[in-house]
Amino acid sequence: SENAKDDIVDFIEKINGDVGEILFYFSGHGAYIDEDFKYVLSDYRPDRINQTTLSNNTLDNYFRQLNSKVVVKCIDACQSGTTYVKDPSVVEKYLHKTKAEFNHAYFLYSSRRDQSSYADREISFFTRSILECLADSNGKKLRYTRLIEYLADAFKNNPDQTPYFVTQGGFTEIFLEITNDLFEKVKQFIQEIEDGAS
């Protein structure tokens with residue numbers, strides 16, 4: 001935990017200035033503790049919760065220092081998203097807070113706060129769906145909105161895991177451009193996963 005946290009702080013200090021876009025991708029264990037999502041790190045101990053986890057609030061504080069135009073978080077972990085709230089005023093308040101903190105934000109959580117995120121022996125279902133979206137976008141500019149729509153459709157019939165998204169942006173930002181080389185590598189990786197699962 002100490003090494004991981006130090007590496008993140010060192011990275012933030014090294015950048016030390018305006019950043020066009022920052023992407024944070026976490027695939028691992030997570031838990032919602034004390035009204036905050038915690039990234040559970042490899043030496044986690046329940047008696048040292050704060051020392052052996054990384055607080056999502058702390059991570060957001062680090063990212064705010066970068067003053068980046070776009071902040072993207074893909075969090076593939078149990079309990080990573082916020083529980084669905086029916087009260088629109090609460091949702092609006094949350095989105096307004098996000099807008100005040102970041103210029104543009106795309107937060108993709110693999111599950112709601114009260115759910116687990118699932119995987120097979122090879123890969124998590126959420127990360128696999130992201131790869132399948134890449135493979136389905138050959139030669140195209142993949143925008144965050146398309147990625148979010150793809151993930152929402154991929155899990156729409158899964159009552160046990162519902163990805164949760166917080167977006168505040170122009171909805172025109174590009175996640176990446178799918179080149180032939182990237183397309184072939186993703187296809188090959190997916191095939192290797194399928195071969196390993198059989």
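Analyst: Happy to! Let's begin with Ser-111. Setting aside neighbours within four places in sequence, Ser-111 is in contact with Ala-77, Cys-78, Gln-79, Ser-80, Gly-81, Ser-116, Ser-117, Gln-161, Thr-162, Pro-163 and Tyr-164. Please keep in mind that this is a predicted model.

Where does Ser-111 sit? Its place is the loop that runs between β6 and α4. With a relative accessibility of 0%, Ser-111 counts as buried, because the cut-off for that word is under 20% relative accessible area. Its side chain also has a partner: a polar contact of 3.1 Å joins the side chains of Ser-111 and Ser-117.

Gln-115 is found between β6, which covers 104-109, and α4, which covers 125-135. Is Gln-115 buried or exposed? Gln-115 is buried, with a relative accessible area of 7%. Leaving out neighbours within four places in sequence, the residues in contact with Gln-115 are Cys-78, Gln-79, Pro-159, Asp-160, Gln-161 and Thr-162.

The side chain of Gln-115 reaches the backbone oxygen of Pro-159 at 3.5 Å. As for Pro-163, 48 residues separate it from Gln-115 in sequence, while the C-alpha to C-alpha distance in space is 9.5 Å.

Of the contacts in the chain with a separation of 6 or more, 75% are between residues 24 or more positions apart. The chain has 198 residues, and buried residues make up 39% of them. Its elements comprise 6 helices and 9 strands.

Now let's follow the loop to the helix at its end. How many of the residues of α4 are buried? In α4, 8 of the 11 residues are buried, so this helix is largely enclosed by the rest of the structure. Those buried residues are Phe-126, Thr-127, Arg-128, Ser-129, Ile-130, Leu-131, Cys-133 and Leu-134.

Part of the surroundings of α4 is another helix, α5, made of residues 144-154. The axes of α4 and α5 come within 10 Å and cross at roughly 125°. The two helices are therefore oblique to each other, and α4 passes α5 in a right-handed crossing. Which residues meet there? On the α4 side they are Phe-126, Ser-129, Ile-130, Glu-132 and Cys-133, and on the α5 side they are Leu-147, Tyr-150, Leu-151 and Ala-154. By class, this contact has 7 nonpolar, 1 polar and 1 charged residues. Several of the α4 residues in it, including Phe-126, Ser-129, Ile-130 and Cys-133, are buried.

Helix α1, residues 2-15, and helix α2, residues 56-64, have axes that come within 10 Å and cross at roughly 15°. α1 and α2 are therefore roughly parallel to each other, and their crossing is left-handed. The contact of α1 with α2 divides into 6 nonpolar residues, no polar and no charged. From α1 come Ile-8, Val-9 and Ile-12, which meet Leu-59, Tyr-62 and Phe-63 of α2.

Thr-53 lies in strand β4, residues 53-55, and is buried with a relative accessible area of 2%. A polar atom of the Thr-53 side chain lies 2.7 Å from the backbone oxygen of Ile-49.

Glu-35, in the loop between β2 and β3, counts as exposed at 64% relative accessibility. Phe-171, in the loop between β8 and β9, counts as partly exposed at 41%. Phi of Glu-35 is near 60°, a positive value in a residue other than glycine, and phi of Phe-171 is also near 60°.

Conventions
Residues are numbered from 1 along each chain as its sequence is written. This is a predicted model: local features need pLDDT of at least 70, side-chain atom pairs count only at pLDDT 80 or more; totals for chains, interfaces and linings use all residues. Side-chain values use heavy atoms; hydrogens and water are left out. Helices (H or I, at least four residues) and strands (E, at least two) are DSSP runs, numbered from the N terminus. Buried means under 20% relative accessible area, exposed over 50%, partly exposed in between (1.4 Å probe, protein chains only). Contact means heavy atoms within 4.5 Å. A polar contact is a pair of N or O atoms within 3.5 Å; within protein, one must be able to donate a hydrogen and the other to accept it, and residues adjacent in sequence count only if both atoms are side-chain atoms. Axes are lines fitted to C-alpha atoms, for helices over the stretch in contact, and angles run from 0 to 180 degrees between N-to-C directions. Angles under 35 degrees count as roughly parallel, over 145 as roughly antiparallel, 65 to 115 as roughly perpendicular and the rest as oblique. A crossing is left-handed if the near helix is turned anticlockwise from the far one by less than a right angle, and right-handed if clockwise. Ala, Val, Leu, Ile, Met, Phe, Trp, Tyr, Cys and Pro count as nonpolar, Asp, Glu, Lys and Arg as charged, and the others, Gly among them, as polar.
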